[in-house]
Amino acid sequence: MSPERWQEVQVLLGQALELAPDQRLPWLERQTARDSSVLNQARALLAADAQAEEFLEIPALGSWLDEGPILPGDLVPGARIGPYRIERLLGRGGMGRVLLAVREDDDFRQLVAIKVADRAGSPNALRRFRLERQILSDLDHRNIAKLYDGGSTDLGQPYLVMEHIEGQPIHTYCDGLPVAQRLALLRKVLAAVAYAHRHLVVHLDLKPANILVDGDGEPKLLDFGIAKLLGTSAGATLTTEERPLTPDFASPEQLRGERLTTSSDIYSLGLLLHRLLTGTLPNRAPGGRKVESAGPKRLASDLEAILGKALEPDPGERYPTVEGLDGDLERHLTGRPIFARPPTWSYRAGRFAHRHWPTLTLVAMLFLATLGAAATVSLQARRISAERDRTELARAEAEDVAAFLTDLLGRFEPGELPGTAFSVQDVLDRGTAALGKLDDHPKVRARLLGILGSTYRAWGRPEAAAPLLEEALEIRRRELGGVPPELAKAINDLGRLARARSDFGKAAELHREALDVLRRHYGKDHLAVGDTFVWLADALYDMAEMRAALANYHRGLDIRRRYLGKDHQATAVCLGNIAKVSADLGLADDALRYAHEAVEITEKLWPEGHPATAASLNVLGQSLLENRRLKEAETVIQRVVELRRRFFGRQHPRSIEAVNNLGLVYQQQGHLVEAEKLFRESRALLVANFGADHQNTAKATHNLGVVLVAQNRLREAEPLMREVLDIMRRSQPDSDNVFYPLGALAQLLLTDDRPEEALPYAEEAVRRARRALGTDHAMTRRFGEIVKSCRRQLAGTVTTGGNE
Amino acid sequence: METREKGDITTLLGAWQRGDPQASDRLARLIYPELRKIARGLMSVERADHTLQPTALIHEAYLRLVQQKRMLWQDRHQFFAISARIIQRILVDHARRRLACKRGGRIERVALAEVRDLAAQRPDLLVELDEALDTLEKLDPTQATIVRAKFFAGLTGVEIARATGLSPATVKRQWRLAKAWLFHELNHREGGLPDRVP
């Protein structure tokens, strides 16, 4: 085409374009006076114009600038840097590019990663590169990418030659791995970071993309690109404005541009942990103050607490060292108490918490209440010093509270337990008095009320617990507008108190309410829901609604197994409960199986012995007892006595319970004298602890009565039995559980040849046992036998009398 | 080398305007590093939202070259035209290098009519466009200048009108015609429809 021809064509085209789009081509077709080749070209260009609306409209410069210009002297494939030949670009970072390069010597071909700064001239970048080079050359750890070499390019850009890691980013590698394996992998990362910290190196850009997992499954930390060397002037002068970072994984102080320490890495590791466990990052409020887990998966409460501590907005509240974080992960993995929460008694007790089940045998019926240190509460034991409400308090005051609580409650670790309960109550009383100072801080107050109240409850002072827990719930309901998890916790606390006060109906009602609240908030599936199922089951058990209790324990077990894993103490506790209810329901095989499983778990977790081991052994012992495997039961229960005395002391209710159970074994073995001695010993201790009228005491009294009956000392036994029945009727008027003393008293009276007196007790026992245990239960049938015997004897008396 | 040629820039510009083929190369080598520094400066500033105004690059380069080096250019629009040519060279070279990098890999060939961002989607066509512009230069130098300024340097129609002395309406019309021609040309090179109706 000539310029003249183009001139001609574009005139024609220009005229056509003046017209409406649908008239252009017809108009062109009518210009027959024109040269046909000009017309053809105009027609083709008209078609081109129709398609060219967006053509060239986006300037080329934009994309050039976006992707990073390649200029003469640039490091493109094939170019050389020192002895290395560039293969390709691996990635781009804040300061420069990472290139894959190869060193080819005579004998070997080595792939390396070369990090090249963009800015040749910047003194900052130079300094940073020199710094990085020095840092890295000092680090020698198998989970940190090695530095081989360094230098500067022809254009003066500094570069570092590093070990090339072929692998995938840790987060994609972790997809589909079991939680335990993810944690194991993360712990290697922690070891590497801890190592770096010991060498005064902070990473400051820890994120999944900087942690690759190689073919051997080893994680490797890359890119200490923005690390600073602690304690050197060069490092100290780095400020955040010039430090490139990855906002998603940066700590709040990093985002704010403040002075950075190892604590910043700990925060990033917390984010990484969150990402690896949930697949997401937590929601972070602007300013980074509050971190909320928003993962589709809910985490075990330990892990949530660990995350909470690692992700504290205030660096001073985080784990002080990477080792601290690692230690808690390890403790979590082995089921030991973590430190993420302050070492409050209620939490530790929660770890050891378990249910004590009255042994239910026809001859000897043991009732020992769950006095328990039942502060089970993974939920309740949320962090206190890490209290999120902290800004509401003057910091010093909050710290006072935390220190106070730690001091107050930290004493009650196993082994450090004071010899008597008096000092415990002392401490509690002092704590309650100190609460008066906290009037202005409802959240903190509510939390402390919850802790103190639960502790009172656990130590058998429900009357002291009641006002505290009631006030806590009131605060949660009114002042705080009922934040669901905390509201549910307060309701649960009160429910468990109701149970401790033998108000089982109210306990069940409260736990059901808590379940409602939790399920509306979390949906069906959450650890807190699981815990509540267990507590509800506890209350149902005490109401003698055995089958409902069993169903709820199974729900709780299901959730705990999923959230905590199979080998977790809370799972073991639940297994123990199921074993016990199964035993009560006459499902002897189930009972033994679940009890064995519980023991296995606790023995595995604490081979040296542990209160939780004692708890599961206790259930096993009772199951063996019920299966009349008395020799095995004796061995197991003696071990329980030994463990509990070791951990709790002789006078602790749990130790008493174990002694009592041993008494049951002796009794069934026919060693009645030994049994009586043990029951008397238990009873005396219980009277001292709870008073003569307490239902716990009543249960031991009952056992003593039974052993006296067995020795045919009926006159001694009868007042004891009547006392038991009285106490039971008074303290649990609506409970079907009263069938225990009813049946025992009926048996006594029958043995004493007073069937007309025995009959009404026996009949009521049958009625209640049938309701609680079902018609086919051995216990129901046994009571039925007593009724028949009574009737037979009565009929016989009548008949005989008639004959005479 | 930069320093050595600093003083020559006015001379070079004169020579370039007179059509000295060597002047363009030497000017480019002079302006490259400057543009590069400015570009990266702008990138780091505007990185967050990825909206970089290419015009800002030229303004910045102009200010630096003119003020820092005390050159007295009468018409700064002239500088835009020169810069546009230089940027064209940089970008086309860049595209060539990119193509070289990707040799072995496959470039996804988006149909020309579907291409929105030519430089990003079809860097191979940047090289073709460069050649087509040489042809257009011979057919209609004004149109070629407009395309360079608008597509390569990212100048607006108004800025081009000022630089060329044309009315904005003319710039717009010429731009459309040039686009149609270039589209047709590239489409043809792509093996599109023949430009003749049989």
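What pattern does chain B follow, read along the sequence? Chain B runs α-α-α-α-α-α-α-α-α-α. That comes to ten helices and zero strands. The model is predicted.

**Chain B overall**
- Chain B has 198 residues, and 47% of them are buried.
- Take the contacts in chain B with a separation of 6 or more: 61% of them join residues 24 or more positions apart.

**Nonpolar cores**
- The largest nonpolar core holds 126 residues.
- Within this core, Tyr553(A), Phe739(A) and Phe783(A) touch the most other members.
- Helix 20 of chain A, residues 527-542, gives the most to this core, with ten residues.
- A second core of 55 residues is separate, and its members include Leu13(A) and Leu17(A) as well as Val115(B) and Val147(B).
- In soluble globular proteins, nonpolar side chains tend to be buried together.

**Aromatic rings and charges over them**
- Over all chains, the structure holds five aromatic pairs.
- One of them joins Phe739(A) and Tyr740(A), with 4.5 Å centre to centre and 25 degrees between the planes.
- This pair counts as stacked because its 25 degrees falls under the 30 degrees cut-off.
- Both partners, Phe739(A) and Tyr740(A), are buried.
- Ring pairs also bring in Phe783(A), giving a cluster of Phe739(A), Tyr740(A) and Phe783(A).
- Two of these names return from the core: Phe739(A) and Phe783(A) are among the residues that touch the most other members there.
- In chain A, Arg593(A) lies over the face of Tyr594(A), at 5.0 Å from the ring centre.
- In chain B, Lys150(B) lies over the face of Trp175(B), at 5.2 Å from the ring centre.

**A sheet in chain A**
- Three strands of chain A form an open sheet in the order 7-9-10, with antiparallel pairing.
- Strand 7 (167-169) and strand 10 (219-221) are the edge strands, and each pairs on one side only.
- From one strand to the next, the twist averages 35 degrees.
- Strand 7 and strand 9 (residues 211-214) of chain A are antiparallel and pair over three bridges.
- Gly167(A) stands opposite Asp214(A), a residue of strand 9 of chain A.
- Helix 7 of chain A, residues 179-198, packs on the sheet and touches strand 9 and strand 10.
- The direction of helix 7 makes about 30 degrees with that of strand 10 of chain A.

**Ser655(A)**
- Ser655(A) has its place in helix 26 of chain A, residues 653-669.
- Ser655(A) counts as buried because its relative accessibility is 1%, and the cut-off for buried is under 20%.
- Beyond neighbours within four places in sequence, Ser655(A) is in contact with Arg644(A), Arg645(A), Phe648(A), Gly649(A) and Arg650(A).

**Leu126(B)**
- Helix 7 of chain B, residues 123-139, contains Leu126(B).
- Leu126(B) is buried, with a relative accessible area of 3%.
- Not counting residues up to four places away in sequence, Leu126(B) touches Leu91(B), Val92(B), Ala95(B), Leu118(B), Ala119(B), Phe151(B) and Phe152(B).
- Leu186(B) is 60 residues from Leu126(B) along the chain, and their C-alpha atoms are separated by 10.0 Å.

Notes. Residues are numbered from 1 along each chain as its sequence is written. Chains are lettered from A and ligands numbered from 1 in the order in which they are written. This is a predicted model: local features need pLDDT of at least 70, side-chain atom pairs count only at pLDDT 80 or more; totals for chains, interfaces and linings use all residues. Side-chain values use heavy atoms; hydrogens and water are left out. Rings of Phe, Tyr and Trp (its six-membered ring) pair if their centres lie within 6.5 Å; planes under 30 degrees apart count as stacked, over 60 as edge-to-face and the rest as tilted. Buried means under 20% relative accessible area, exposed over 50%, partly exposed in between (1.4 Å probe, protein chains only). A charge sits over a ring if NZ of Lys or CZ of Arg is within 6 Å of the ring centre and within 35 degrees of the ring normal. A nonpolar core is a set of buried Ala, Val, Leu, Ile, Met, Phe, Trp, Tyr and Cys residues joined through side-chain atoms within 4.5 Å. Helices (H or I, at least four residues) and strands (E, at least two) are DSSP runs, numbered from the N terminus. Two strands pair if DSSP finds at least two bridges between them. Axes are lines fitted to C-alpha atoms, for helices over the stretch in contact, and angles run from 0 to 180 degrees between N-to-C directions. Contact means heavy atoms within 4.5 Å.
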